[in-house]
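Here are my notes on the model, point by point. Please read them with the structure open.

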Amino acid sequence: PEDATIEIFDAIQKCREGNYKRLVLEKGVYHLRRTRAFEKYVAVSNCDNGMKRIAFPLDDLSDFEFDGGESLFICHGLIQVFELENVRNIILKNFSVDWEKPFNFQAEVIRVDPDNNSYDIRAFHECNSKVVNNELLFFDSEMIRAEDQWLQDINWSEWFDPVTKGVILQSPMYEPKSTRPHFKVSELSEGIYRIQNAAEHLPEMGWILICKGIRNNNTTNRSASVIHIYRSDNVRIEDVTIHHASGIGFVAERSSDIFIERMRVELPPGSDRMVTTTADATHFVHCKGKIEIKDSYFENALDDITNIHGDYASVLDLVDSHTLGVELTQQHQLRVEIAGTGDFMRIVNKDFVPLGTRKVKSVDYRNSVYIRIEFEEEVESIINNGGYWVENLTWNTDSFLFQNCTVKNNRGRAVCVSDQG
């Protein structure tokens with residue numbers, strides 16, 4: 001069907017009502033569109049928070065298996081594919097995910113003119129673009145309603161080698177910036193642009209320009225993950241392929257025992273694309289128990305292949321002898337559940353030297369950034385003038401296994417682990 005979201009939602013509801021423990025799709029190509037999809041507010045760590053349209057809302061299920069039947073899901077616009085909150089013993093397997101239009105801009109250098117400090121590019125056929133007020137913008141032409149549209153600039157970019165499909169060495173030296181003096185962009189013909197005075201150095205013929213933009217505080221950079229898991233336990237991902245995502249492909253937070261086997265984050269077969277996920281391939285925040293990634297393949301992510309970490313919150317005030325007011329300070333950290341009743345928190349100074357550990361008695365999340373944490377023991381003997389941070393010691397990974405995996409052509413780091421476990 002042109003939009004399978006209604007049928008998918010109805011099938012999930014039947015499983016809930018009938019207490020069915022397995023949903024299997026017939027093999028096929030399923031298009032997922034925003035218009036009829038389920039909606040709820042989702043805060044996704046290290047991504048963009050907000051009201052999300054969700055194709056597979058699987059919250060509150062337990063002992064459940066979803067088998068995609070080797071199907072391909074083609075997404076249209078800003079839609080999150082799977083949302084799993086408060087689930088237990090879940091298996092997701094046997095499917096692939098891609099987007100009709102990528103969330104990044106891609107173009108090939110077809111002419112270089114050193115005398116005029118300019119170069120010409122040809123936009124990739126999947127990308128819609130235009131020049132507005134001396135800015136090169138890219139967008140999704142399918143979206144008609146204003147609330148469904150997205151528009152981005154080219155001010156976050158990398159250069160790729162068309163042969164190796166890897167990042168060009170010292171790529172930032174060639175990064176175009178519309179804020180540079182005398183920057184100019186003009187459209188020569190449909191999809192052909194001339195960029196002048198854009199960077200310190202000119203690119204070479206054939207290089208591929210990849211942009212994801214910083215317009216509107218980076219929104220659409222990290223707005224449509226494939227799988228998000230929150231407050232869940234024992235989730236298994238098997239034989240899942242991710243061709244693209246706006247931001248991180250797979251995100252798990254405040255969850256335990258996550259197992260990934262035979263995941264492939266790879267470019268679509270036969271495609272000239274250079275990018276899979278526009279941020280990390282996988283990401284784990286405040287996860288405990290075991291994390292395992294086995295027999296998997298990752299390529300061409302615009303950030304890390306996996307990143308496992310907790311978060312720090314800055315101490316703003318000493319409310320009383322047992323209570324601290326803390327602040328989440330990073331844009332993609334807002335609404336992170338940094339503390340819960342019974343958790344053990346460590347207080348560190350501005351140099352991150354540990355000063356003491358306290359058990360949480362209660363937590364008051366006042367807004368997306370400010371949190372009051374009451375401890376069972378006093379904290380005023382530790383807090384003096386300022387410059388303090390708190391971190392969660394309870395929600396840390398006990399063991400991490402990254403086994404028999406291939407990593408290729410990602411822009412960021414490969415495996416980044418900074419947990420206390």
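1. **K40 and E83.** This is a predicted model. Start with the salt bridge between the side chains of K40 and E83, with an N to O distance of 3.9 Å. The pair links distant parts of the chain. K40 lies in strand β3 (residues 38-42) and E83 in strand β6 (residues 80-85), 43 residues apart.

2. **Burial of that pair.** Are the two partners buried or exposed? K40 is buried, at a relative accessible area of 16%. E83 is buried too, with 1% relative accessibility. The cut-off matters for K40: buried means under 20% relative accessible area, so its 16% qualifies.

3. **R264 and E266.** These two side chains form another salt bridge. Their closest N and O atoms are 2.9 Å apart. E266 counts as buried, at 15% relative accessibility. R264 is partly exposed, with a relative accessible area of 34%.

4. **K361 and E374.** Here the closest N and O atoms of the salt bridge are 3.9 Å apart. This pair, too, links distant parts of the chain. K361 sits in strand β29 (residues 354-365), E374 in strand β30 (residues 370-375), and 13 residues separate them. Both ends are partly exposed: K361 has 48% relative accessibility, and E374 has 26%.

5. Across the model the count comes to 30 salt bridges. As background, side chains of opposite charge can pair when their charged atoms come close.

6. **Positive phi at N89.** Most residues other than glycine have a negative phi. N89 has a positive one, near 55 degrees, and is not a glycine. Where is N89 placed? Its place is in strand β7 (residues 88-99). N89 is partly exposed, with a relative accessible area of 32%.

7. **Positive phi at Q170.** Q170 is also not a glycine, yet its phi is positive, at about 55 degrees. Its setting is a loop, the one between β13 (157-160) and β14 (184-189). Please look at the backbone there.

8. **The eight-stranded sheet.** Eight strands form an open sheet. What is their order? It runs β3-β4-β6-β17-β19-β22-β25-β34, with mixed pairing. The edge strands are β3 and β34 (415-417), each of which pairs on one side only. From one strand to the next, the twist averages 25 degrees.

9. How many bridges join β3 to strand β4 (residues 50-57)? There are five, and the two strands run antiparallel. F38 stands opposite I54 in β4. In general, strands of a sheet pair through backbone hydrogen bonds, either parallel or antiparallel.

10. **Helix α1 on the sheet.** Helix α1 (residues 5-18) packs on the sheet. The strands it touches are β3 and β4. The direction of α1 makes about 70 degrees with that of β4. Thus β3 is an edge strand, is joined to β4 by five bridges, and is touched by α1.

How values were computed: Residues are numbered from 1 along each chain as its sequence is written. This is a predicted model: local features need pLDDT of at least 70, side-chain atom pairs count only at pLDDT 80 or more; totals for chains, interfaces and linings use all residues. Side-chain values use heavy atoms; hydrogens and water are left out. A salt bridge is a side-chain nitrogen of Lys or Arg within 4 Å of a carboxyl oxygen of Asp or Glu. Helices (H or I, at least four residues) and strands (E, at least two) are DSSP runs, numbered from the N terminus. Buried means under 20% relative accessible area, exposed over 50%, partly exposed in between (1.4 Å probe, protein chains only). Two strands pair if DSSP finds at least two bridges between them. Axes are lines fitted to C-alpha atoms, for helices over the stretch in contact, and angles run from 0 to 180 degrees between N-to-C directions. Contact means heavy atoms within 4.5 Å.
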